[in-house]
Amino acid sequence: MPPYAPEPVPGRGAGWGPAPRLGPRTGSRSGPDERFTSLVTKAAAASVDGWDFSWLEGRATEQRPSWGYAAAMGDRMARATAALDVQTGGGEVLASVPRLPALTVATESWPPNIARATESLRPRGVVAVADPDAPPLPFGDRAFDLVVSRHPVTTWWEEIARVLTPGGTYFSQQIGPDNVFEVIEHFLGPQPAEVRAARDPGRAAAEAEAAGLDVVDLRTERLRVEFFDIGAVVYFLRKVIWTVPGFTVEDYLPQLRSLHERIEADGPFVAYSCRFLIEARRPR
């Protein structure tokens, strides 16, 4: 099963600084505590630049949605004439598409990802455009017959509608509500209902329709996530920084130690992610 691999948001990865000073637990330094220190120190020192999750191989897994977003996106790309990938990350998904339209463009805001996207997409004839992930999109009206986005931070529906040709399609897999709240609440405690309900698929569909698009597909799935050691949790929280905003190892040592002991005693820490697929079309 592939490693957990969500998509990026603006401002991620900045200012992590050196690995934290853990030190032993109060009292004698035991074998189990040495394991905790080793796992956390290595995870805290690992690079979180770009959007490559290979460091988690063998340490964490996530089920994939049944609809197979990358393959479905590839099918649509093969039929398109001009396509835009919004918030492409490092271009990983777009670079995997077997056949791209003659005109294909990607946008991204985070500088390390822009560099990675340029490196991976330029050989395919795709230009990666630096964009702040805020309206307006840097393209003219009716520029694309296909716009795609995997795990966008925000979907600017009026902009999507503007750059689509009549009959054009927006196809996106997005983070849904109540996403990995087992992780969030372990570190932050119980969250209010409005936080748990954020990123509601029904609200996304309503916003798409308000922008003048017709929603032709909307599906939601909950997916099992497993963390096999505390290092995987640390790396995940450093990489996916909106999960526990402002996370540092030093600030959350008690929660990390208790979760480490739980994993060591009971096995993988299980959480559940939420994904939804939305496809919307601009009327002809």
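Begin by selecting Val86, Gln87, Leu137, Ser149, Pro152, Thr154, Thr155, Trp156, Glu159, Ile160 and Tyr170, which line the largest cavity. A cavity here is a set of points on a 1 Å grid over the protein atoms alone where a 1.4 Å probe fits but cannot get out, and lining residues have an atom within 4 Å of a point. This is a predicted model, in which local features need pLDDT of at least 70 and side-chain atom pairs count only at pLDDT 80 or more, while totals for chains, interfaces and linings use all residues. Residues are numbered from 1 along each chain as its sequence is written, and side-chain values use heavy atoms, with hydrogens and water left out.

The largest cavity has a volume of about 60 Å³, a volume being the space filled by probe spheres set on the grid points, which are joined across faces, edges and corners. Its lining comprises six nonpolar, four polar and one charged residues (Ala, Val, Leu, Ile, Met, Phe, Trp, Tyr, Cys and Pro count as nonpolar, Asp, Glu, Lys and Arg as charged, and the others, Gly among them, as polar).

Next, select Asp85, Thr88, Val93, Leu94 and Arg150, the closest to the centre of the second largest cavity among the 11 residues that line it. The volume of this second cavity is about 50 Å³. Helix H2 (69-79), helix H3 (92-95) and strand S5 (144-150) each supply at least two residues of its lining; helices (H or I, at least four residues) and strands (E, at least two) are DSSP runs, numbered from the N terminus.

Proceed to Tyr69 and Phe171, a stacked aromatic pair at 5.3 Å centre to centre, with 5 degrees between the planes. Rings of Phe, Tyr and Trp (its six-membered ring) pair if their centres lie within 6.5 Å; planes under 30 degrees apart count as stacked, over 60 as edge-to-face and the rest as tilted. Tyr69 belongs to helix H2 and Phe171 to strand S6 (residues 164-175), so the pair ties together parts that are 102 residues apart in sequence.

Finally, select Phe187, Phe247 and Tyr252, which ring pairs link into a cluster. Phe187 and Phe247, together with Phe227, have the most contacts inside the largest nonpolar core, which has 34 residues. Such a core is a set of buried Ala, Val, Leu, Ile, Met, Phe, Trp, Tyr and Cys residues joined through side-chain atoms within 4.5 Å, where buried means under 20% relative accessible area (1.4 Å probe, protein chains only).

Methods
Buried < 20%, exposed > 50% of the residue type's maximum accessible area, 1.4 Å probe, protein only. 1 Å grid on protein atoms, 1.4 Å probe; cavity = no way out; pocket = protein on both sides within 12 Å on 5 of 7 lines; lining within 4 Å.
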